[in-house]
Amino acid sequence: MTVVKIYLMRHRLTRLDEIYPGYSLYFITCCTQTRQILLTNPPFHDSFRHFCVLAQEHNVLVGRYVIMSDHLHFFARINDSAQISMWIKSLKNSLSKTLRVQGIQAPHWQKGYFDHVLRSEQSYEEKWLYVRENPVRKGLITEFSMWPYQGEVMSVPFN
């Protein structure tokens with residue numbers, strides 16, 4: 001008897017918006033190119049919030065966020081009709097304009113981004129509790145509420 005082994009080729013993973021179209025609450029992280037210290041300044045913060053408010057027109061609702069000097073974390077509810085990868089590209093392009101106005105030359109962003117589909121309210125709360133403490137762990141503040149580059153654009157509950 002001959003045993004035949006069949007090996008299936010694995011395709012490279014694609015974006016989560018293509019794999020899990022039914023899930024719409026994401027935890028997203030974007031990092032600066034070579035982890036440059038660029039993001040913690042009032043004009044950048046204002047631009048981020050402004051872009052996120054306008055995102056509602058494109059079926060993207062941004063909730064809680066924390067901006068660190070070299071990366072940003074945020075939660076977003078993405079409607080199935082929106083493409084997360086295209087929206088993140090637009091976000092980065094818009095924020096890069098703000099950085100160029102400040103005299104900071106490109107490239108500003110690492111390619112890609114990290115996204116995680118949140119599947120439970122517990123996961124959402126755990127991620128938020130971890131993220132909001134980033135500036136405290138870095139020794140920048142003693143209590144998370146003191147960090148000027150964090151907040152909530154709109155209430156985006158898990159359900």
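Me: Which residue's ring face does R132 lie over?
Reply: First, this is a predicted model, with residues numbered from 1 along each chain as its sequence is written. Local features need pLDDT of at least 70 and side-chain atom pairs count only at pLDDT 80 or more, while totals for chains, interfaces and linings use all residues; side-chain values use heavy atoms, leaving out hydrogens and water. A charge sits over a ring if NZ of Lys or CZ of Arg is within 6 Å of the ring centre and within 35 degrees of the ring normal. R132 lies 3.8 Å from the ring centre, over the face of F144.

Me: And how far is R137 from the ring centre of Y130?
Reply: Here's another charge over a ring: R137 lies over the face of Y130. The distance to the ring centre is 3.9 Å.

Me: Which residues make up the cluster of ring pairs?
Reply: Rings of Phe, Tyr and Trp (its six-membered ring) pair if their centres lie within 6.5 Å; planes under 30 degrees apart count as stacked, over 60 as edge-to-face and the rest as tilted. Searching the whole structure turns up 10 aromatic pairs. Ring pairs join these residues into a cluster: F27, F75, F114, Y124 and W128.

Me: What share of the 159 residues is buried?
Reply: Buried means under 20% relative accessible area, exposed over 50%, and partly exposed in between (1.4 Å probe, protein chains only). Going by that, the buried share of the protein chain's 159 residues is 45%.

Me: How many salt bridges does the count come to?
Reply: You need a side-chain nitrogen of Lys or Arg within 4 Å of a carboxyl oxygen of Asp or Glu. One of them is R132 with E133, at 3.4 Å from N to O. Both ends are partly exposed: R132 has a relative accessible area of 22%, and E133 has 22%. The count comes to 3.

Me: Which side chain of opposite charge is nearest to K92?
Reply: Lys and Arg count as positive and Asp and Glu as negative; His and the chain ends are not counted. K92 lies in helix α3 (residues 84-101), and the backbone oxygen of Q110 is 2.9 Å from a polar atom of the K92 side chain. K92 is buried yet has no salt bridge, and 11 Å away is the nearest side chain of opposite charge, D115.

Me: Which peptide bond is cis?
Reply: Most residues other than glycine have a negative phi, and most peptide bonds are trans. The cis one to look at has omega near 5 degrees, and P107 sits in the loop between α3 and β4 (114-117). The bond runs from A106 to P107.

Me: What is the phi of N59?
Reply: N59 is in the loop between α2 and β2, and it is partly exposed at 35% relative accessible area. N59 isn't a glycine, yet its phi is positive, at about 65 degrees.

Technical notes:
Helix = DSSP H or I, 4+ residues; strand = E, 2+ residues; numbered from the N terminus. Polar contact = N/O pair within 3.5 Å; in protein donor to acceptor, adjacent residues only side chain to side chain.
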